[in-house]
Amino acid sequence: MDKSKSFYDREYKKEHIGASREYWRDMNLGVNDGLVSTFLLVTGVYGSGLDSKNILLTAISGCIAGAISMAAGEYVATKTQEEVKKAESALETKAVANHKTDELRFLNDLLTKIGIPEAAGAEDEAFAVRRAMMGYYEKNDEAHVQINVALAFGDVEASQRSPWLAGGSSFILFFLGSLTSVIPFAVTSDENAAVLAAFIATMMCIMLVGGVKTWATRGVWWTSALENLIITAGGGGVAYGIGCGFEKMINN
């Protein structure tokens with residue numbers, strides 16, 4: 001792809017997120033999971049009656065373990081997905097080489113699905129378009145494989161993801177997200193004040209993340225922020241209730 005062409009610098013092109021779109025899932029998942037899971041962990045053990053020091057140790061352990069788990073999970077999942085794509089591409093290469101006629105019929109169906117209509121007759125404009133495209137791909141196996149893979153599997157070079165970048169971004173953002181529930185217990189020994197501070201900080205960050213997400217989705221910021229807020233607040237209430245329940249069971 002020749003990115004030196006002037007149309008890549010047009011203002012409307014700059015509105016697109018670009019290559020980072022492939023990692024928004026990892027970034028959003030990482031920071032949300034760090035915020036939510038650590039806060040739920042803290043409220044759960046707070047409800048069970050632990051003091052500030054033990055809650056802090058629990059929060060730190062959850063922060064470190066969660067960040068490592070998130071990074072490892074994203075790395076393995078992304079690496080596996082890319083390996084599956086490569087395997088599928090290899091199979092498609094064999095299919096084009098050994099079953100050319102069938103693969104051309106497959107491509108013909110794919111062209112219909114992407115909006116190139118089937119021709120009603122030789123005079124139809126679509127007939128010339130299809131004939132030119134099918135003629136080209138019939139003679140060029142490499143290009144035939146590339147378009148089959150792109151249309152059938154949604155895999156193009158620009159959509160390839162780095163396992164290291166996916167895992168690394170998840171680790172960093174999970175860690176940063178979890179700090180809203182760690183820092184309050186590190187600066188005060190009053191667990192009641194600390195859990196209140198963690199709640200306020202987490203809710204504010206959750207709403208901020210929801211708002212930032214709409215920059216990419218072009219959605220309504222407050223609906224996204226409110227969705228995040230409701231999920232986190234509801235989960236916190238459930239975790240606190242479970243913690244209180246276990247505390248009563250153990251003490252009784």
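**Exercise 1. Overall fold**

How many helices and how many strands are there in the protein chain?

*Solution.* Begin with the basis of the assignment: the structure is a predicted model, in which local features need pLDDT of at least 70 and side-chain atom pairs count only at pLDDT 80 or more, while totals for chains, interfaces and linings use all residues. Residues are numbered from 1 along each chain as its sequence is written, and side-chain values use heavy atoms, with hydrogens and water left out. Helices (H or I, at least four residues) and strands (E, at least two) are DSSP runs, numbered from the N terminus. On this basis the protein chain has nine helices and zero strands, giving the pattern α-α-α-α-α-α-α-α-α along the sequence.

**Exercise 2. Confidence**

State where confidence is lowest and where it is highest in the protein chain.

*Solution.* The scale is pLDDT, the predictor's confidence in each residue, from 0 to 100. The chain has a mean pLDDT of 82, and 85% of its residues reach 70 or more. By element, helix H1 (residues 11-14) is lowest, at a mean of 55, and H7 is highest, at 93.

**Exercise 3. Burial and contacts**

Determine the share of buried residues in the protein chain, and characterise Thr 38 by its accessibility and its contacts.

*Solution.* Step one concerns burial: buried means under 20% relative accessible area, exposed over 50%, and partly exposed in between (1.4 Å probe, protein chains only). Of the 252 residues in the chain, 34% are buried. Step two concerns contacts, defined as heavy atoms within 4.5 Å. Among contacts with a separation of 6 or more, 72% join residues 24 or more positions apart.

Step three applies both terms to Thr 38, which is found in helix H2. Thr 38 counts as buried because its relative accessibility is 2%. Leaving aside residues up to four places away in sequence, Thr 38 touches Asp 33, Ala 59, Phe 174, Ser 178, Ser 181 and Val 182.

**Exercise 4. Aromatic pairs**

Classify the ring pair of Phe 39 and Phe 199, then that of Tyr 75 and Trp 164.

*Solution.* A pair of aromatic rings is described by the distance of the centres and the angle of the planes. Rings of Phe, Tyr and Trp (its six-membered ring) pair if their centres lie within 6.5 Å; planes under 30 degrees apart count as stacked, over 60 as edge-to-face and the rest as tilted. The whole structure holds three aromatic pairs. For Phe 39 and Phe 199, the centres are 6.0 Å apart and the planes stand at 40°, so this pair is tilted. The pair links distant parts of the chain, with Phe 39 in helix H2 (residues 24-47) and Phe 199 in helix H8 (residues 191-217), 160 residues apart. Phe 39 is buried, at 3% relative accessible area, whereas Phe 199 is partly exposed, at 36%.

For Tyr 75 and Trp 164, a centre distance of 5.0 Å and planes at 55° likewise make the pair tilted. Tyr 75 lies in helix H3 and Trp 164 in helix H7, so parts 89 residues apart in sequence are tied together. Tyr 75 is partly exposed at 24% relative accessibility, and Trp 164 is exposed at 67%.

**Exercise 5. Nonpolar patch**

Identify the helix that supplies the largest share of the nonpolar patch.

*Solution.* The patch residues are Ile 60, Ile 64, Ile 68, Phe 171, Ile 172, Phe 175 and Leu 176, covering about 610 Å². The largest share, four residues, comes from H7. Patch residues have over 30% relative accessible area and no salt bridge, and nonpolar side chains (Val, Leu, Ile, Met, Phe, Trp, Tyr) are joined within 5 Å. A salt bridge is a side-chain nitrogen of Lys or Arg within 4 Å of a carboxyl oxygen of Asp or Glu. Leu 176, in helix H7, is partly exposed at 47% relative accessibility.

Terms used. Patch = residues over 30% accessible without salt bridge, like charges linked within 9 Å, V, L, I, M, F, W, Y side chains within 5 Å. Areas by Shrake-Rupley, 256 points an atom, 1.4 Å probe, with all protein chains shown as cover.
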